[in-house]
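Q: I would like to learn how to read a structural model feature by feature, with the general idea given before each case. Could we go through it slowly?

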Amino acid sequence: MRIYNTMSRQVEEFQPINPPEVRLYACGFTVYDYTHLGHLRKYTMDDVLVRTLEHAGYDVKFVQNVTDVGHLTSDSDTGEDKLEKGARKYGKSAWDVAREFEEYFWRSMDLMGNLRPDVSCRATEHIQIQLEMVQELEKKGYTYEIPGDGIYFDTSKFPDYGKLARLAVDDQTEGARIGVVEGKRHPADFALWKFERPGENRAMSWPSPWAERSFPGWHIECSAMAIKYLGEQLDIHTGGIDHIPVHHTNEIAQAESATGKVPFVRYWVHHNFLLVDGEKMSKSLGNFFTIDDVLERGYSPRALRMLFLTTHYRSEMNFTWEALEGMQKAYVRLMRQVAELQALVGKEVTHTGHNDTASPYKTAFYEALENDLSTPEAVSVVWNVLSADLPNTEKLLLLEEFDKILQLDLQNVAEVAGREELAIDELPEVVRELMQQRQDARNKQDWDRADALRVEIEQHGFRLIDTPEGQKVERL
Ligand code: AMP
Ligand code: ZN
């Protein structure tokens, strides 16, 4: 297995600390708003990584946190806690917002076919270990207090600070990250623990040795929970590329200073962004789509997964509905071909053992994935198998095996392959009439009426799908 390591900026041979065990920590989701397609891309590629490692014979211990406190709207330790912001936006308590969006996250993951981590840990349920880690850093002289604000990490005490992002010393003192917090000794210094501001009235707050009402910083949660569940040194740590200069840089500083063990992480794996119109899809910009938008427009989450797989995880990817429409068509074609194979092969699929004619395809598939997760190549092997001169049974067995990693849901072909879109003149008059009324309601932005008409159309036995080209229907 070879994987790109952000620390060395190279594709490296993968050698875990204690094979076959692989200790993997993935930065989790901040549960203050909906999970969007950008997150789905990141966590789908994590899923492919875990499944590829497992196939290669490793025993992966996969830990992922839930960020439900302490992630501020600004990376420079100013701004509001995102959970408090979400609470205001949705008119609920921060605790309710956290639980609801965590559920939405898991539902989205399940629809995408992503494995659940072995351990999912919420920051709010690990306050004590985070506090202890800050106290350890304090004892070792890495911290200072800004009265009324928080406990800060003094980056000048950690000479390797910035090694992951290759930040020059200048960047740390005057670069892009202007430290607007008054009292910071160096602009790169970051909050380990924050104090509630007067009048802030936070829903989430805990007593600490420094303040009666206070809460952990975002970076400390990942270091503390990763160490608790995986030990002081990890094999792999994943996250989006936005985490390189701040969040992961700070995780390294805290963990290596607290434990004295270097490196904290052997392989740093970073995912590139999903963009919309050239900008990062993000909760804060509001330019996002969710898995429900995908479903409402009649696309399959697994067609979306296939779309993600056709771009390498280290490349930017621009999302368009046209691209998903094209991929949905390819996906349905794939599923129909698999359905045909199943019909031809019948029920007697028993593996006859090793088959030489199939093995070059297996080799090509796994070599692609084991070479820094080249998913575009792996997907092209799927198409090559379909057009190959192989016995049908072999084709089917290969595709079913590949699907253990790709998760295109080949065991459920009937549902997708059997879907037929109906032309408007094949529909009963009453359904056509209801569709017209619904179009009028949508034009007037009367969403309640549009929803009611959708239900009525379903009662006539048709599923309605909104697509970029307008309404379409399928028989239910
Ligand atoms: P957050 O909920 O903001 O903490 O993000 C959770 C993870 O999703 C992080 O690793 C982010 O880097 C990643 N992420 C957020 N937006 C995108 C995007 N548009 N494309 C890819 N990854 C993203
Ligand atoms: Zn993290």
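Q: Which ring does Arg202 lie over, and at what distance from the ring centre?
A: For a charge to sit over a ring, CZ of Arg must be within 6 Å of the ring centre and within 35 degrees of the ring normal. In this predicted model, Arg202 lies over the face of Phe215, at 3.4 Å from the ring centre. Arg314 is placed over the face of Tyr4, where the distance from the ring centre is 3.9 Å.

Q: How many aromatic pairs does a search of the whole structure find, and what is the geometry of the Phe14 and Tyr58 rings?
A: Ring pairs are read from the distance between centres and the angle between planes, and planes over 60 degrees apart count as edge-to-face. The search of the whole structure gives 23 aromatic pairs. For Phe14 and Tyr58 the ring centres are 5.4 Å apart and the planes stand at 80 degrees, so this pair is edge-to-face. Because Phe14 lies in the loop between strand E2 (10–13) and E3, and Tyr58 in the loop between H1 and E4, the pair ties together parts that are 44 residues apart in sequence. Phe14 and Tyr58 are both buried. The rings of Phe105 and Trp106, with centres 5.0 Å apart and planes at 70 degrees, are therefore edge-to-face, and Phe105 and Trp106 are buried. Rings can also be grouped: Tyr142, Phe153, Phe158, Tyr161 and Phe190 form one aromatic cluster.

Q: In what sense do E3 and E4 pair, and over how many bridges?
A: Strand pairing is read from the bridges, and a bridge partner shows which residues face one another. E3 and E4 pair in the parallel sense over 8 bridges, with Tyr25 standing opposite Val63 in E4. Between E3 and E4 the chain passes through helix H1 (residues 37–55), and this β-α-β crossover is right-handed. In strand E4 (residues 59–67), 7 of the 9 residues are buried. E4 also pairs in the parallel sense with strand E5 (residues 119–122), over 4 bridges, and there Asn65 has Cys121 in E5 as its bridge partner.

Q: Why is strand E10 said to be largely enclosed by the rest of the structure?
A: Burial is judged residue by residue, with under 20% relative accessible area counting as buried. Strand E10 (residues 234–240) has 7 of its 7 residues buried, so it is largely enclosed by the rest of the structure. E3 and E10 pair in the parallel sense over 3 bridges, and Ala26 stands opposite Thr238 in E10. E10 runs parallel to strand E11 (residues 265–271), with 6 bridges joining them, and Leu234 stands opposite Val265 in E11. E10, H7 and E11 make up a right-handed β-α-β unit.

Definitions and conventions
Residues numbered from 1 in each chain as written. Chains lettered and ligands numbered in written order. Predicted model: local features only at pLDDT ≥ 70, side-chain atom pairs only at ≥ 80, totals over all residues. Heavy atoms only, no water. Buried < 20%, exposed > 50% of the residue type's maximum accessible area, 1.4 Å probe, protein only. Helix = DSSP H or I, 4+ residues; strand = E, 2+ residues; numbered from the N terminus. Pairing = 2+ DSSP bridges. Right-handed = clockwise from strand over helix to strand, strands pointing away. Phe/Tyr/Trp six-rings, centres within 6.5 Å; stacked < 30°, edge-to-face > 60°.
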